[in-house]
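Hi,

Here is the structure I promised to pass on to you. My notes follow below it.

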Amino acid sequence: MPHPLPRPSTVSASTGLRGRIAVPGDKSISHRSLMFAGLAVGESRIEGLLEGEDVLATAAAMRAMGATIERGEDGTWRVWGVGVGGLLQPDAALDMGNSGTSTRLLAGLVASHPITATFTGDASLSKRPMGRVIEPLSLMGADVTASPGARNQQCLPMMVRGLSPAVPIEYILPVASAQVKSAILLAGLNTPGITRVIEPVATRDHSERMLAGFGADLTVEATNRGRVIAIRGEAELKPQQIVVPGDPSSAAFWAVAASIVPGSEVTIANVGLNPTRAGLFGALRMMGADITEVDARTVGGEPVADLIVRHAPLTAIEVPPDLAPSMIDEYPILFVAAALAQGRTVARGAHELRVKESDRIAAMAAALGACGVAVEEYEDGLAITGTGGDPIPGGATIASLLDHRIAMAMTVAGLVARAPVTIDDVAPVATSYPTFFATLDALNGTA
């Protein structure tokens, strides 16, 4: 899918954000619900699906491999799956747009089916490394041909020739990655025997929860080597009724915005609070944020609550590195919170940020530095000296680097800047949060 023309946006200081909002459905769960439903036998229904470009790329790919996927007028999606082992040969390359999750997880699906698929993507995705998923899938018997990238990385376009039956493996994750873990588990679905993934550092566990919900024979065991996830192959998945909770990564922008913009009180409804995803809210509370959970409940095996966030003075912290896996996508907006805190915040242990949609460590160091924030860059994070609640200078034009989270994080920064902040291109925000700017206008009272 071609990238749209750049769309610049200029943000001025806010006098207060107020209101009740709902954020889009969780992106990780939305991807997986389409994939797992596409492998089930029968009809599944999905409510609250995130209808951003990344998830629509997953839907298109599953259709290309035989699943029937329809959206009803009421917003409910209906999926008729092909069954595990039933994926069909796609007629053309699978265009993943900007979605690394789609690419890596679907590569796992293809790896144990007797089909060949070529994965392509936009300029940003085509620079992201695929070697970490190629290695285990190759051990399972898939034949993967990738394109050379910078620093000898294996990148898109990438062709995956699946092997059926594939070879079950036991694989220790060398880097904490829910995408790699999930790719191996998905390949294991159609592989005879038991496939095991060992993660020394726990990562988001949506795949495990959802696969078990769909009827896969899957176990999770805590050992001295880490979490051991084992899946028995040649599974038969059963169709499900899925309600997707609100995405905590999307809620994070409003939690920080309400915390740092004086006069703010925002209620964020229906936020998924899976412990493997909620690290940002813990870090904000450590900084003194005023966040209240109300109406806590469980939906589809996932903990959910409404969050009430009020403006509060923030104090710098040293972010515990073990929080990194549970907030890896939220570091850009955490850096913005740190820019308004009292003192010097140090956030390290986040090497993974170097290989996201952009190099998010370098991108945020440059963006905040251009806005007058004191930033020190490390290989695995940043140290940021905050203003103690005073506005940041602002007045800069920021390069979003085709990265939706950089664009949204710096939009929030613009709400607390003395001079307006311009983001050069906010079009990528549509990949995860198509209604972001409409929500901002509503909270600002400018809708």
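One definition before the notes: for charges, Lys and Arg count as positive and Asp and Glu as negative, while His and the chain ends are not counted. The place of a charge is taken as NZ of Lys, CZ of Arg, CG of Asp or CD of Glu. On that basis, the 34 positive and 45 negative charges of the protein chain have mean positions 1 Å apart.

Please keep in mind that this is a predicted model, where local features need pLDDT of at least 70 and side-chain atom pairs count only at pLDDT 80 or more, while totals for chains, interfaces and linings use all residues. Residues are numbered from 1 along each chain as its sequence is written, and side-chain values use heavy atoms, with hydrogens and water left out.

Now the overall picture. The C-alpha atoms of the protein chain fill a box of roughly 60 × 50 × 45 Å along the principal axes. The radius of gyration (taken over C-alpha atoms) has a globule rule of 2.2 Å times the number of residues to the power 0.38. For 447 residues a compact globule would come near 22 Å, and the protein chain agrees with its 21 Å. Of the 447 residues, 59% are buried (under 20% relative accessible area, with exposed over 50% and partly exposed in between; 1.4 Å probe, protein chains only). Among contacts (heavy atoms within 4.5 Å) with a separation of 6 or more, 77% are between residues 24 or more positions apart.

The protein chain has 12 helices and 25 strands; these are DSSP runs numbered from the N terminus, with helices (H or I) of at least four residues and strands (E) of at least two. Strand 8 pairs with strand 9 (residues 154-161) in the antiparallel sense over 6 bridges, and Gln154 in strand 9 is the bridge partner of Pro148.

Strand 9 also holds Pro157, which is joined to Leu156 by a cis peptide bond with omega about -5°. Another cis bond runs from Ser164 to Pro165, with omega near 5°; Pro165 is in the loop between strand 9 and strand 10 (170-172).

Two backbone angles deserve a look as well. Asp295, in strand 16 (residues 290-299), has a positive phi near 55°. Leu402 has a positive phi of about 60° and lies in the loop between strand 23 (397-398) and helix 11 (404-414). Leu402 counts as partly exposed because its relative accessibility is 27%.

Best wishes

Technical notes
Pairing = 2+ DSSP bridges.
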